[in-house]
Amino acid sequence: MCGMTGWMSFARNLSNQHKIAQAMTDTLTSRGPDAEGVWLDDHIALGHRRLSVIDLEGGAQPMTVSDASGPRAVISYTGEVYNYRELRDELMELGYSFNTKSDTEVVLTAYLAWGDSFAERLNGIYAFAIWDVKLQELLLVRDRMGVKPLYYYPLDDEILFASEPKAILAHPDVEAVVDVEGLQEIFSIVKTPGHAIFQGMFELKPGTILRCGRTGTSEHRYWSLEAKEHTDDLPNTIGNIRDLMVDIVDHQVVADVPLGTLLSGGLDSSAITVLAANALKEKGATDPFLAFSIDFDGYEEQFSSNVQWEDPDTPFAVEVAKQVNAEHINVMLNNDDIMDSKTRRATLKAQDLPISTGDMEYSLYLLCKSVKDQVTVALSGEGSDELFGGYTWFHDPEAVALDSFPWHHPFEKAGGIGALQSLGLWDSLNLGSYIESRYQEAVEEMPRLEGESDAETRMRQINYLNLTRWENFLLDRSDRISGAAGLEIRVPFTDHRLVEYVFNTPWAMKSYDGREKSLLREAMRGLVPDSVLDRKKSPYPSTQDQGYELALRERVKSILTPDSPVLKLIPRSHIQKMLDAPQGAYSVGGPWSARAVLERLVEFGTWVREYDVTVDLGDNAPLRKAS
């Protein structure tokens, strides 16, 4: 996990700017509760908050590598590089020596040894800044799939950067301004790579290096998805996926702190839990292995199947945990937990933006807090659905044929788009056109394979959209919320070797038995219980208690004050119309529902006030937080 931030300037001397650098660093305390550090020089300020995971004694940051003349390079680093031991051995053969056992020192030394090409050698989840003292240049680097966030804010002859926007916003030269395009991004369920919502701020795209120096900035993409011919037959493909998964998880269970898994009882998390338990056993681990689930009071009794959820999770999670002798810990929540003001404020602060998927984000925060009480690292099944085709929209002909992002089809069916239209936001923000332009942008950048059929090309498109847009949204949510709890979440399904291999596997093979995630299902045969393998995909759980809807309605009513920021965007009568809908109209949870739209309205008002946001509507008068 960890948090990093910094400030490069050739316009002023930063060696005496400790107070500002410290203020930026302090905003990331939750991401790194174990230690902190600030490093200053004439033109650079680096800050770091540490969550100690590898080499607890020797991994302090910012970390420097020096030669006879003094510091040669300095790094502020977040995340994990899983192949650091192999890289360390290779570097030692080249004559380099090490003072610590940390992956941080390996990354910094790899830069000195191999220059910019060093990033291509890293396997992991990371975002970091390296200041080259000799060249007086800054490198910002982000992992291939964008698991770890990294934002930057360019100014004249200066650049600010951080793991999260809140650190950049702590700088006195930055104001929290959001224009119409930022609002479009918030309300359209589109995660555009590089877009940071706040005006003037950018997100470094996955697989990218940004080099900053006296002559300006340059951006280099060191990795992106490529279309390649898949030559393996079905049995070999299944075997290769299994071998890759075993190797990936074996590398990711390495930690000097307690480690567990997030176990929902679905295929993805069950596979990770079984593989992790096996890997730890082979490494001689003797401590109890912990697997964490989430549930809601009365969930099984009140459960009713729908297009998203067919059955409750808990019985399947219990079965998996029992098979691998893991200690299963079920975190129980109720409506009061999710509606708690402190929880909602902490979740908003974690993301720096209004929540997007309803009660799921609050429950995820509470889950992460409970997990952190017992472990520091947890492996998650995030990323599997986007890769192997687990979502309903991969298999729904209407969603496949939709000339837009496929996840907008269930959003429309569940009333989400209708709610935006009823509120007037769909038209006032021109969301339809925005979504269309972002969709065309994504399709045009997708790699193509010559000779591929139209049907296969379309499924490759859907796979690409999920891997580069929808997954980035979910990974960001997971990282930011777990970071707020001081928990590191690792995501084996985002390993670039697996992603490259499965992305280029034909859809006919991915769905060879007519089901979702066919390849993963068969690759895990004999490891994961058959009951889980044969179960229909079930999303992250959402409360089905109608009492939550009633509580949410009351929360919406509470924001309809004369100075409410929401009323600057939406007429009171439009909101009242939604509130007048009969009880139960918004009882189905999830990111697709009208209920999620109501959640976003409540959070939008809180966000504008808490972050002192100026919403610039262009020709209209700007909306400003009431003082």
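Is the crossing of helix 6 and helix 20 left-handed or right-handed? The tour returns to this question after a view of the whole protein.

**The whole model**

This is a predicted model, in which local features need pLDDT of at least 70 and side-chain atom pairs count only at pLDDT 80 or more, while totals for chains, interfaces and linings use all residues. Residues are numbered from 1 along each chain as its sequence is written, and side-chain values use heavy atoms, with hydrogens and water left out.

Display the entire protein, which has 26 helices and 19 strands. Helices (H or I, at least four residues) and strands (E, at least two) are DSSP runs, numbered from the N terminus. The C-alpha atoms fill a box of roughly 75 × 60 × 50 Å, taken along the principal axes. Of the 627 residues, 63% count as buried, a term for under 20% relative accessible area, with a 1.4 Å probe and protein chains only.

**Helix 6 and helix 20**

Select residues 234-252, which form helix 6, and residues 496-503, which form helix 20. They pack at an angle of about 165°, with their axes 10 Å apart. That makes helix 6 roughly antiparallel to helix 20, the word for angles over 145 degrees. Axes are lines fitted to C-alpha atoms, for helices over the stretch in contact, and angles run from 0 to 180 degrees between N-to-C directions.

The crossing is left-handed: the near helix is turned anticlockwise from the far one by less than a right angle. Next, show the side chains of helix 6 that meet helix 20, among them Asn236, Leu244 and Ile248. On helix 20, the partners are Arg497, Leu498, Tyr501 and Val502. Contact means heavy atoms within 4.5 Å.

**Helix 16 and helix 26**

Move to helix 16 (residues 416-423) and helix 26 (residues 594-610), whose axes come within 7 Å and cross at roughly 45°. These two helices are therefore oblique to each other. The contact is made by Gly416, Ala419, Leu420 and Leu423 of helix 16 and by Ala594, Val597 and Leu601 of helix 26.

**Val371**

Finally, select Val371, in helix 12 (residues 359-372). Val371 is buried, with a relative accessible area of 0%. Which residues does Val371 touch, not counting residues up to four places away in sequence? They are Leu262, Phe292, Ala378 and Leu487.

Methods
Angles under 35 degrees count as roughly parallel, over 145 as roughly antiparallel, 65 to 115 as roughly perpendicular and the rest as oblique. Buried means under 20% relative accessible area, exposed over 50%, partly exposed in between (1.4 Å probe, protein chains only).
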